[in-house]
Amino acid sequence: MQREKFLVVNNHFQLQYEEKQSCYVLLYPEGMVQLSFSAGEIMNLCDGTKSCDDIIMALTEKFSDESIENDIVEFLDEAMNRDWIIYHEA
Amino acid sequence: MKLEKKIIKPPLWILLELTHKCPLECTYCYNQLDFANTKDMMSKEDWFKVMEEARAMGAVQLGISGGEPLLNKDLLEIVKKANDLKFYTNLITSGVGADISIVPKLKEAGLKTVQLGIQSPDEHTTTLITNNKTAFNDKMAFAKSCKDNGLQLIINTCITRQNIHQIGEIIEMAEKLGANYLEIANIQYYGWALENINALLPTRAQLDEAKAITNHYREHRKDMKVFFVVPDYFATRPKACMNGWGSTFLTINPDGVALPCNTANTLPLTFPNVKEHSVEAIWNDSEAFNYFRGDSWMREPCRTCDEKEKDFGGCRCQAYALTKDMHVADPVCDKSSFHHVVTDKVEESLSSSQEPIYRNKINSMNIIAGRLAKSCK
Ligand SMILES: C[S@@+](CC[C@H](N)C(=O)[O-])C[C@H]1O[C@@H](n2cnc3c(N)ncnc32)[C@H](O)[C@@H]1O
Ligand code: SF4
Ligand code: SF4
């Protein structure tokens with residue numbers, strides 16, 4: 001993970017909050033993943049204007065919890081592995 | 001008196017079949033044999049209403065199909081509406097039927113994915129399968145335009161005896177076209193495909209080889225995802241059709257008839273029309289959508305089978321088409337007393353030299369007339 005590069009949801013996927021399911025979902029051809037609360041929070045920040053470091057800063061502040069840094073990096077690595085997010089090339 | 005109300009989960013996936021007209025005449029098409037009777041009755045507003053109602057229930061996936069959806073003049077507005085409602089949109093198309101300039105307009109309307117049917121990497125075989133001389137070139141141009149306009153491209157190739165020898169070249173072609181996914185779909189034998197089974201079913205040896213070639217590709221090159229849909233005629237357990245009747249999936253036909261799967265109106269049931277009822281009432285309360293929910297409709301061997309949660313007794317359309325009783329186990333299952341119907345069909349088709357008939361209006365009308373004549377006797 002290049003921690004200073006901006007991240008964005010791959011535009012072949014679609015991320016949205018679903019009232020009926022009370023969670024963020026990620027849609028792709030013929031399928032859907034329901035995201036856990038923390039995964040949803042992280043993915044929602046991948047909007048092309050924030051890097052991994054920015055996201056860590058925002059979330060550790062929001063939840064006043066420094067210990068989540070590793071989880072965030074781990075999740076972002078996995079999300080990138082699955083092509084859910086990509087680097088946003090300006 | 002029933003105390004508990006059955007809990008019915010909302011549909012997740014809606015398929016709009018905009019029209020059953022089509023410029024191609026694929027021998028393997030699963031559409032209804034009597035499609036000539038299905039008229040285009042849905043206005044743009046009717047489609048909007050269906051989408052709004054389904055979305056309000058929680059549906060998230062929207063497939064736009066047919067027949068050939070490019071023939072519907074309201075297509076762009078339907079896509080735009082779907083996107084505004086936050087559906088994930090997938091246009092399932094042959095790539096033939098509209099001017100190529102529609103592709104950037106589809107992208108602009110918010111389309112996410114194109115699932116493009118390509119039969120073969122060569123013109124001759126494509127013409128043989130589709131009965132259309134320009135289809136191959138149209139498809140190549142359509143695929144290229146999808147990529148040029150940044151649309152996600154899924155190539156769907158339906159596999160039959162007519163093209164199974166080309167698996168390797170099909171994979172090469174899809175990769176050259178820049179497909180994000182390739183779906184190698186060993187066809188399901190419904191509609192025109194079942195009518196033509198004697199001309200289409202490959203041998204088990206051919207299938208094994210196709211599978212081996214696909215696996216070889218998957219191991220050595222990983223940039224394009226390749227799905228291999230296994231054919232159920234060579235299996236001993238049925239597929240979990242539609243993830244269970246009325247559980248996930250809702251199709252709307254060009255005349256507004258709502259179905260729990262693409263071909264459910266081949267069954268002797270009456271299906272409700274979205275022009276007369278709301279999607280919610282149809283999904284939750286109609287007799288047809290409740291008919292095969294749960295397992296109280298099942299007969300032996302399904303009723304007491306420990307696998308019934310896995311496959312729900314298989315496909316109702318296949319059970320009916322092959323046994324004339326829609327309540328029995330899908331005869332693909334080797335526990336079914338009708339399993340021999342499948343194995344007999346396999347055997348018969350492999351020694352047959354029958355020519356396929358094309359999926360077109362004249363053949364459809366002939367089939368309808370033939371059925372009428374039979375029922376008058
Ligand atoms: C009936 S077509 C309608 C859309 C469009 N005309 C097309 O061919 O893409 C819908 C999808 O089903 C696939 N299909 C057609 N007949 C099939 C069969 N017998 N088994 C499996 N898939 C089939 C097509 O390749 C296409 O992807
Ligand atoms: S599968 Fe072929 S014949 Fe059937 S609707 Fe699609 S293009 Fe037309
Ligand atoms: S007997 Fe019925 S439920 Fe059991 S495996 Fe066969 S089709 Fe499925």
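Where is the place of B:Pro301 in chain B? In this predicted model, for which local features need pLDDT of at least 70, side-chain atom pairs count only at pLDDT 80 or more, and totals for chains, interfaces and linings use all residues, side-chain values use heavy atoms, with hydrogens and water left out. Residues are numbered from 1 along each chain as its sequence is written, while chains are lettered from A and ligands numbered from 1 in the order in which they are written.

B:Pro301 is placed in the loop between helix H11 (287-291) and helix H12 (308-311) of chain B, helices (H or I, at least four residues) and strands (E, at least two) being DSSP runs numbered from the N terminus. A cis peptide bond, with omega about 5 degrees, joins B:Glu300 to B:Pro301. B:Pro301 also belongs to the lining of the largest cavity, together with residues including B:Cys302, B:Cys305 and B:Cys333. On a 1 Å grid over the protein atoms alone, a cavity is a set of points where a 1.4 Å probe fits but cannot get out, whereas a pocket is an open set with protein on both sides within 12 Å along at least five of seven lines, and lining residues have an atom within 4 Å of a point. The largest cavity holds about 90 Å³ of space, a volume being the space filled by probe spheres set on the grid points, which are joined across faces, edges and corners. Its lining comprises 6 nonpolar, 1 polar and 5 charged residues, where Ala, Val, Leu, Ile, Met, Phe, Trp, Tyr, Cys and Pro count as nonpolar, Asp, Glu, Lys and Arg as charged, and the others, Gly among them, as polar.

The second largest cavity, of about 40 Å³, is lined by residues from both chains, among them A:Pro29, A:Glu30, B:Trp13 and B:Leu62. Strand E2 of chain B gives the largest share of this lining, 3 residues. Strand E2 (residues 61-65) runs parallel to strand E1 (residues 13-17) of chain B, to which 5 bridges join it, and B:Ile14 stands opposite B:Leu62. An open sheet of 9 strands in chain B, with mixed pairing, has the order E7-E6-E5-E4-E3-E2-E1-E8-E9, two strands being paired if DSSP finds at least two bridges between them. A further cis peptide bond, with omega about 25 degrees, joins B:Gly66 and B:Gly67, and B:Gly67 is found in the loop between E2 and helix H2 (75-84) of chain B.

The second largest pocket has a volume of about 640 Å³ and is lined by 24 residues, with B:Leu33, B:Thr266, B:Tyr320, B:Lys324 and B:Arg371 nearest its centre. B:Lys324 has a positive phi of about 65 degrees although it is not a glycine, and lies in the loop between H13 and helix H14 (339-350) of chain B. At 60% relative accessibility B:Lys324 counts as exposed, where buried means under 20% relative accessible area, exposed over 50% and partly exposed in between (1.4 Å probe, protein chains only).

The largest nonpolar core has 87 residues, and B:Leu16, B:Tyr189 and B:Ile252 are among those with the most contacts inside it; such a core is a set of buried Ala, Val, Leu, Ile, Met, Phe, Trp, Tyr and Cys residues joined through side-chain atoms within 4.5 Å. Apart from this core lies another, of 25 residues, including A:Phe13 and A:Phe75.
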